[in-house]
Amino acid sequence: MTGNLEYLMSSLPDLSFKNEEDTEEKVTSLLKKYADASEGKTGLVAILNNEAAKFLSPNESQLFQEIQLEKIHNNIFQKSKSKVLSEFSSYVFKLKKEVEQLRIFRKSSENQRGENKKAIQIIPGNPLEEEKQLVEFQWDKIEAISTGHYADFEALISYKLKLMLLVRLWSFKAENGFGIFEKSINIEEYGR
């Protein structure tokens, strides 16, 4: 099995948090080559899931398919046998709690008096800049916990987590953000 994962891991495009546009173009074009033309417009994570399934046991494949950023903080992932998955899941759970505390801190009267009780160190900026910082924190955590894993299941999980973070980062387009912002304001103002 390891040999198969070595082949898979070595054939996947390199992922980099820096040089977003270059990485996006390169990763997108290379992963699209894996996809069957008849599949139509398939997402990059779906392409990775399909390709990885060819090299994984049924149990590994099922777990791999279930990994999603929106649910990564769930208890099932925190208790996973995969070290990378369980540590990252626990980290994201903790990060969500810290962001919640930061938001409470920013709204509180204590903030007016200059008391700083926040645990997370986000450089204040607009919501997009702060979200990019959170994505980078998560990227750095994956880098740290995946050290020493190059061609095993842990490496593949790390790769998928990084790919999902990049796909999220690449989705941060000004026109999309403005549309979402306008929609949320209209909903709030008119109660829709």
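Author: Start with Lys160, which touches Val45, Leu48, Asn49, Phe64, Gln65 and Ile67, leaving out residues up to four places away in sequence. This is a predicted model, in which local features need pLDDT of at least 70, side-chain atom pairs count only at pLDDT 80 or more, and totals for chains, interfaces and linings use all residues. Residues are numbered from 1 along each chain as its sequence is written, and side-chain values use heavy atoms, with hydrogens and water left out.

Reader: What makes Lys160 "touch" Val45?

Author: Contact means heavy atoms within 4.5 Å, and Val45 is among the residues that Lys160 touches. Between the C-alpha atoms of Lys160 and Asn49 there are 8.5 Å, while the two are 111 residues apart in sequence.

Reader: Where is Lys160 placed, and what counts as a helix?

Author: Lys160 is in helix α9. Helices are DSSP runs of H or I with at least four residues, strands are runs of E with at least two, and both are numbered from the N terminus. The protein chain has 10 helices and zero strands.

Reader: How do you know how α3 is directed relative to α9?

Author: Helix α3 (residues 44–53) and helix α9 (residues 153–170) pack at an angle of about 165°, and their axes are 10 Å apart. That makes α3 roughly antiparallel to α9. Angles over 145 degrees count as roughly antiparallel, under 35 as roughly parallel, 65 to 115 as roughly perpendicular and the rest as oblique. The axes are lines fitted to C-alpha atoms, for helices over the stretch in contact, and angles run from 0 to 180 degrees between N-to-C directions.

Reader: Which residues meet where α3 packs on α9?

Author: From α3 come Leu44, Val45, Leu48, Asn49 and Ala52, and from α9 come Leu156, Tyr159, Lys160, Leu163, Met164, Val167 and Trp170. The residues of this contact divide into 10 nonpolar, one polar and one charged. Ala, Val, Leu, Ile, Met, Phe, Trp, Tyr, Cys and Pro count as nonpolar, Asp, Glu, Lys and Arg as charged, and the others, Gly among them, as polar.

Reader: What makes a group of residues a nonpolar core?

Author: A nonpolar core is a set of buried Ala, Val, Leu, Ile, Met, Phe, Trp, Tyr and Cys residues joined through side-chain atoms within 4.5 Å. The largest one here has 42 residues, of which Phe64, Ile67, Leu156 and Leu161 touch the most other members. Helix α9 gives the largest share of this core, 12 residues. Apart from neighbours within four places in sequence, Phe64 is in contact with Leu48, Asn49, Ala52, Leu56, Phe153, Leu156, Ile157 and Lys160.

Notes
Buried < 20%, exposed > 50% of the residue type's maximum accessible area, 1.4 Å probe, protein only.
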